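Subject: Structure handover

Hello,

Here is the structure I promised to pass on. My notes on what was found follow below it.

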Amino acid sequence: MSPNIHPPHHPSTTPKTQRHADSKKRGDTTLLGEILLFAGVVTLGVALWGLSLGYVSTQSTQLSKEYDRMIAQQRILLIIEAVSLQSNTIWASNPGINDVAVISCTIYPKSHPSPGIRYNTPSTIIAASTGGFKAIRSCEKYPGTPPYIVEVWYIPAHLYDPRDPSRNVMSAQVARYEAR
Amino acid sequence: MVGVAIAIAIFFTTLIPLYVYTSTLYNLYSNELNSRRIRDIDRATESLEIAVEGKITPIPGTDNQIRLILKNLSPLMIRTQRIWAMDVERATPIGDDPCIRTPIDIPPGGNNSIHIHQCLTGFTGRAQFIAVTERGRLFASAPVLIIGGRLASGLYPYTLTVSIVNMKRGNQYTILVSPERDADTQPRSVTYKATASNENVSLSFGATAGTFRIYLLENGVLVHPTRLIAPRTNPAEVTLPDYWNVVFILARTEVTPLTIDLEIIAPARVLEGESFSIDITLSLPAQAGENVRINHDAIRNAIGLAGDFEAGSLYCLPLGDVLTPGMTTIALRCQLSAADLRGNSPGLITVTVPSLSAAATGIDSGLPYPSDSDSTSITVRPQRRG
């Protein structure tokens with residue numbers, strides 16, 4: 001800056017007024033900063049809140065599903081009442097609280113190992129606690145000598161997903177019967 | 001302050017509800033576990049005794065009553081949803097349907113009596129009754145014999161005995177009992193396969209008083225009376241209770257000893273000083289009429305050795321004991337050592353078993369069974385010496 005150039009002089013402004021003006025300028029800046037800070041905190045807080053709600057919502061849904069599966073497994077029960085080794089038919093009833101879906105029915109000699117889940121009875125639903133029973137025909141029978149084990153795998157009906165056998169297996173339970 | 005307020009808001013609107021929700025789910029699950037445990041304990045506590053009771057009426061067409069007595073031995077009320085009547089022999093429900101479909105309540109310590117003869121009309125065989133309870137337990141009665149829809153236990157006061165003498169080995173003999181008029185018997189037929197020549201068997205049948213015709217079949221064909229020494233007719237007729245025994249005597253089949261095929265199995269070549277095994281096998285022709293017991297000592301004593309073997313090195317172990325017709329077995333397994341040749345020229349061992357008059361003995365007849373002779377030669381090769 002050149003030494004001949006002076007700042008403009010304002011005859012009406014006293015040093016006190018000058019200080020006040022300077023102070024007001026600083027106050028404006030502080031207020032703006034506070035507003036910005038407030039807005040930032042609120043924005044971040046709302047975002048965090050939203051994220052938390054999303055997380056809680058997701059967790060709740062997963063927990064609900066998991067507990068639903070666990071509770072349903074406690075509520076199902078299937079019993080094999082009678083078996084015909086002539087026609088490979090079984091008669092089963094459901095004294096449990098939830099409906100069940102039968103996913104596998106096998107008849108194998110007791111001396112052989114279990115063939116496991118065979119997915120050979122698609123979507124056979126047995127209603128709960130109606131006092132009735134249902135015939136499951138054409139169970140898969142393995143050759144051999146008696147006695148035979150009849151093995152029926154079932155899951156809670158509302159968890160049955162025909163497109164996802166591996167997930168069905170996770171909720172499956174077994175009922176067995178010895179036929180001579 | 002705003003941050004704190006938001007943090008508190010997040011805490012109260014997300015974490016607390018999540019905690020409360022999780023706790024509620026866990027409580028629900030715990031309640032369900034408890035309920036299941038109570039249901040399982042109740043199921044395990046159920047105890048039902050099932051007995052079959054009937055009025056025994058030997059005359060067909062008369063009053064016929066078969067009842068199930070259900071006795072609740074548990075401290076809980078038991079409701080049977082269904083009762084199945086199972087055909088034990090065929091492992092299938094009689095009529096492919098439950099016998100009783102109406103729920104039956106039985107108080108703790110109480111009895112209940114149910115008529116079930118309607119499920120067994122015309123049924124013959126062993127039946128078992130299975131009750132299914134509302135809680136999902138199965139209780140079964142002991143199997144009972146039902147004949148023509150009637151309870152058979154204790155039905156027959158007499159025993160009809162049928163004997164067959166001098167059966168031919170391998171043949172199947174069937175006795176058919178045909179009751180006349182009101183007479184009844186159980187079973188109506190029995191099939192027996194003779195496992196030895198001239199075998200005898202006696203069979204018993206529960207019967208009421210009355211007249212019966214007894215048929216003897218051999219391999220499904222009625223035996224002609226000319227083949228019988230006694231009685232003169234087939235079928236024979238008996239009337240209980242005065243006559244209770246029938247004896248079919250078939251012409252005796254002569255057992256002729258056949259020659260057993262004896263074979264020596266030994267290696268073709270052995271090295272000098274080497275120990276090797278020799279098997280003596282016996283084959284009994286399929287036409288033989290009985291099983292035979294091998295005379296190991298006779299065969300062992302008949303083994304003849306010649307040539308380059310080490311003297312005193314023969315040691316035989318008996319293996320097979322009994323030969324059935326058509327069977328081949330190793331009778332003896334012998335160990336022998338070849339001699340040390342002390343030279344370059346090969347040696348020879350000759351093993352011979354001559355014809356034996358009693359290589360085995362018939363188990364039924366006690367007759368001696370001869371065997372043919374056999375011999376084999378074994379080349380002994382010298383070992384290369386360094």
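Chain B has a mean pLDDT of 88, and 96% of its residues reach 70 or more. pLDDT is the predictor's confidence in each residue, from 0 to 100. For the complex, the predictor gives an ipTM of 0.77 and a pTM of 0.56.

This is a predicted model: local features need pLDDT of at least 70, side-chain atom pairs count only at pLDDT 80 or more, and totals for chains, interfaces and linings use all residues. Residues are numbered from 1 along each chain as its sequence is written, while chains are lettered from A and ligands numbered from 1 in the order in which they are written.

Chain B overall

Chain B holds two helices and 32 strands. Helices (H or I, at least four residues) and strands (E, at least two) are DSSP runs, numbered from the N terminus. Of its 386 residues, 24% count as buried. Buried means that 20 or more other C-beta atoms lie within 10 Å of the residue's own; exposed means 12 or fewer, and partly exposed is in between, with C-beta atoms placed from the backbone. Among contacts in chain B with a separation of 6 or more, 70% are between residues 24 or more positions apart. A contact needs C-beta atoms, placed from the backbone, within 7 Å.

Where the chains meet

Chain B brings 32 residues to the contact and chain A brings 31. On the chain B side, helix H1 (2-45) and strands S3 (78-87), S4 (92-93) and S7 (125-133) each give two or more residues. H1(B) has the largest share, with 16 residues. By class, this side of chain B has 19 nonpolar, six polar and seven charged residues. Nonpolar covers Ala, Val, Leu, Ile, Met, Phe, Trp, Tyr, Cys and Pro; charged covers Asp, Glu, Lys and Arg; the others, Gly among them, are polar.

Sheets and strand pairs

In chain A, three strands form an open antiparallel sheet in the order S1-S2-S5. Strands S1 (79-84) and S5 (134-136) of chain A are at the edges with a single partner strand each, so one side of each has no neighbour in the sheet. Strands pair if DSSP finds at least two bridges between them. S2(A), residues 89-93, is joined to S5(A) by three bridges. There, Ile90(A) has Ile136(A) as its bridge partner.

Chain B has an open sheet of four strands, ordered S22-S32-S29-S25, with mixed pairing. S29(B) (347-353) and S32(B) (374-381) are antiparallel over seven bridges. Ile349(B) faces Ile378(B) in that pair.

Elsewhere in chain B, S11 (158-167) pairs two ways. Eight bridges join S11(B) to S15(B) (199-207), antiparallel. Five bridges join S11(B) to S20(B) (245-250), parallel.

Nonpolar cores

A nonpolar core is a set of buried Ala, Val, Leu, Ile, Met, Phe, Trp, Tyr and Cys residues joined through C-beta atoms within 7 Å. The largest has 52 residues, and Ile90(A), Ala92(A), Val152(A) and Tyr154(A) have the most contacts inside it. Elements from both chains give two or more residues to this core, including S1 and S2 of chain A and S3 and S7 of chain B. Leaving aside neighbours within four places in sequence, Ile90(A) touches residues including Ile80(A), Cys105(A), Ile136(A) and Val152(A).

Best wishes

How values were computed:
Two residues are in contact if their C-beta atoms, placed from the backbone, lie within 7 Å.
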